[in-house]
Amino acid sequence: MQVKLRDPNVIMKLSRLGSFHQSKLSFLRSFLKEFKDWEYKRDLFNLDEFGYGVAVYSFKKKDRVYSLICFANKIEENERSDRVIATKWDAAFTLHDGVPTKKDIERLRNEVPKQEVGRLSYKELTLSRANKSVRIFNHVVESLSNGIQPDINLLSKVGYLYRTTAVYGSGKFGLADRFRIKNREEIYGPFRLEMMLVYLVRQFTFDQVNYVAKNKNPKKAVNLDLEICRNLGIGNSTGLGMAPFIVNHPTLLNNWIYAREMALKKIREIKNIKIENSNLFKLCLKKSIKNITSWNTESEYQQKKIRSLLNDLNIFINFIEKNFNFSKEFAFNEIYLWLEKNSGEECIEYVISMMMEPYDSIINPLINTMSSEEEKYFNIPTDRTVLELKTILEDKYSKILNIDFLKKENNQNFWFISKNKEEPRLADRFMENGSELEQPLAIARDIKKLYDSLSVFKNSSTIDKFLANNSDLRHVVRRAFIIEKFPYSEIQDNTIGQSIVPIDMLRLKLSFFGALKFDPRSDKWLRICMFQGAPLPEQLKNYDDHWVYN
Amino acid sequence: MKSLSEIETISKRSSRAAGFSWGIAEEVGKNIKMLELFGLSGIKNLNYYFRIRNKKNFKKLHLINNENKISKIEFCPIIAGLSFLDQVRSLEILNEIKFEKIAYPLLFLPFVSRASEVIGKKLELKIDNRIFLLNYNNSIYSNSLNEGIVEIGNSISIKFKENQDSFEENEWKELYKLSENTFVEESDSSKEGGAGAGITDND
């Protein structure tokens, strides 16, 4: 049986993309899988009694070494902010390519804590900073220094000791450009080095909290229980900075979604499900429920989604327990069709992630297809005709072409880069100044404009002639020829409309990172948790692929 | 040192700020990154070009002919380059294209380099006494590197180089004969069984 790939007009809507969950394809899981056999080491741990100083952690295999350099600094309470406008953080980090020399560490000591206003070199790969969850960190120090373990209930409500507020890579602030490292097999998956940084930062937070507690009360202090450590992750505060990324990297977006869709297609096409695979699917599904019941958020928007997800999942579990027989042919296809009929978007996408769990043979080859050589698709095929381009638009943007952008609500917002922090922002076009400096992120509106302009041009004309008179539409002409080859490269929604929920764009990206427990703090920023439940570096040799659900 | 990613981003944004559309600004970003990667002065030339662009109303060349002349003000290197790139598939029949007066011609060069990749032919770009051989956008061979700012190209030509060997047939044969010394003379039995398939494959 041949199953069709799902329709991009449905899947690429923002509400659907904002319902995606982590899966085996997620980058933090594929990172751990890739690096589980590498030699982990804490190379330097030079902190004072309060936990301030330098530490270095590394992963090594043969001649290749990646080293995380951590700088923990004292900051005042009123200086601690997760917002991008902050200038000081509890700790700052960089991932260095190789073993750093003393000279490297001295150089980086002056630059890394400055973050965006510091300068890195081609020897550094990623850059980040993080703030303590002061309440949790202090509670853990207090408990450990008194010889007792901290309150697990309190810890599980937050889920981490530190949260990062940005992770940079790919040439930002002088970091190494991707072309320098892209041929390394161990980083074929996207964002692998960003994931490595966050993972090693997590270990630093445990080592630091133990060290501070020990210095506070050397005779009585105990270390944080390893099982408690494993159940803590690293938090992350994310704002709009992430949203334009998925618009600005269409082929990369396509490759992420295509891998997911291809995985689903192949699973639905399996004729006979082995009993161990159906059992694993059911086990992961049931065990994963605790990730939902422990998902805390004050956001009404998210609470509603969680309630709907839990409700749908309970109905679904009841269905597969009582009314479903996995021995029938194409059982996962039947499950999928049942979900489409009976469940909301959150639940459909959640169960799809679970379906992937038993199938390494399908998922592993797809992981290596999730990067993109974007420059290959940059040139516009200017010998194509106006008619061909119009046909592409009608075929690939059919819903977009129906939007009336003369209506105020469909043209309400504009994206811009703030002068203060050079970060993307969204504002009301009719209330705020600056829409003349709008970023090219209103793709739906510009595609519609392109279609209208093409309609008054001769069908047989070639695109070079059209562009000579319509250079303002060049960016969307390029995109249209990209979507012709990459069906999932475009969000099929209006990114400037009154009803846009920007966190849907963030959640899409964060789900591919492997984040859990999305906690929207407004419609424009959210907190998440990464690596919660993941094996600690010392435990990687006994790596369990399904750690997310343990 | 600035990364190529930073160079691309700043070139793109500054081009937009200078008045180009986002689509053209994207092209300029890629081009300046390419120039800097090949060791040519992209940032310097772009910066100087933008400094005087508002004072001088450079001529926009939208349609490329075999001879492109201008009497007073120079052609804008970005619009001329973009037109060349967009129209290159229909221009290659001309064999050679000439331009007079292109401002900051190093900014024109990357478009020609990319055009070389588009049509799969090497292009020879002459800017006055400077010669650049553009090899499918993979490399640039030139008698003129690291010149810094070039304010004007008075006489510019582009030649389409046919895909042909750079050596004589007898030179090829000589090397081929030498390479044969890595081959093994086959016995009768290995002729029958060595390649895997049988002598007759009429099944």
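What follows is a set of questions and answers about a predicted model with chains A and B.

Biologist: Which domains does the domain assignment of chain A give, and how far apart do their C-alpha centres lie?
Modeller: The assignment places residues 36-129 + 164-223 of chain A in domain 1, and residues 374-485 of chain A in domain 2. Taking the C-alpha centres of domain 1 and domain 2 of chain A, the distance between them is 40 Å.

Biologist: How many residues of chain A are in contact with chain B, and which elements of chain A give two or more residues to that side?
Modeller: On the side of chain A, 22 residues are in contact with 20 residues of chain B.

Biologist: Which strands of chain A pair with β3(A), and how many bridges join each of them to β3(A)?
Modeller: Strand β3 (residues 64-72) of chain A is mostly covered, with seven of its nine residues buried. Strand β2 (residues 53-61) of chain A runs antiparallel to β3(A), and in this pairing Val56(A) stands opposite Ile69(A). Strand β4 (residues 91-97) of chain A also runs antiparallel to β3(A), with Leu68(A) opposite Leu95(A). The bridges to β3(A) number nine from β2(A) and seven from β4(A).

Biologist: Which residue in the turn between β2(A) and β3(A) has a positive phi?
Modeller: The strands β2(A) and β3(A) form a hairpin, and two residues lie between them. The turn residue with a positive phi, of about 50°, is Lys62(A).

Biologist: Is Leu125(A) buried or exposed?
Modeller: Leu125(A) belongs to strand β5 (residues 124-132) of chain A. Beyond its neighbours within four places in sequence, Leu125(A) is in contact with residues including Leu95(A), Asp97(A), Ile181(A) and Leu193(A), while Leu175(A), 50 residues away in sequence, lies 5.6 Å from Leu125(A), C-alpha to C-alpha. The cut-off for a buried residue is 20 or more other C-beta atoms within 10 Å, and because Leu125(A) has 27 such neighbours inside 10 Å, Leu125(A) counts as buried.

Biologist: Are α4(B) and α5(B) roughly parallel or roughly antiparallel to each other?
Modeller: Helix α4 (residues 77-91) of chain B packs against helix α5 (residues 109-119) of chain B, with axes 9 Å apart. Residues of α4(B), among them Leu82(B), Leu85(B) and Val88(B), meet residues of α5(B), including Phe111(B), Ala115(B) and Val118(B), and the contact is made up of nine nonpolar residues, one polar and two charged. The angle between the helices is about 10°, and angles under 35 degrees count as roughly parallel. The two helices are therefore roughly parallel.

Biologist: Which strands stand at the edges of the open sheet of chain B?
Modeller: The sheet has six strands with mixed pairing, in the order β1-β2-β6-β3-β4-β5 of chain B. Strand β1(B) runs parallel to β2 (residues 96-103) of chain B and is joined to β2(B) by two bridges, with Lys98(B) as the bridge partner of Glu67(B). Each edge strand has a single partner strand, so one side of each is left without a neighbour in the sheet, and these edge strands are β1 (67-68) and β5 (139-142) of chain B.

Biologist: Which strands does α5(B) lie across, and at what angle does it run to β3(B)?
Modeller: The strands that α5(B) lies across are β3 (122-127), β4 (130-135), β5 and β6 (152-161) of chain B.

Definitions and conventions:
Residues numbered from 1 in each chain as written. Chains lettered and ligands numbered in written order. Predicted model: local features only at pLDDT ≥ 70, side-chain atom pairs only at ≥ 80, totals over all residues. Contact = placed C-beta atoms within 7 Å. Axes fitted to C-alpha atoms, helices over the stretch in contact; angles between N-to-C directions. Helix = DSSP H or I, 4+ residues; strand = E, 2+ residues; numbered from the N terminus. Parallel < 35°, antiparallel > 145°, perpendicular 65-115°, else oblique. Nonpolar A, V, L, I, M, F, W, Y, C, P; charged D, E, K, R; others polar. Pairing = 2+ DSSP bridges. Domains from an automatic or database assignment. Buried ≥ 20, exposed ≤ 12 C-beta atoms within 10 Å, placed from the backbone.
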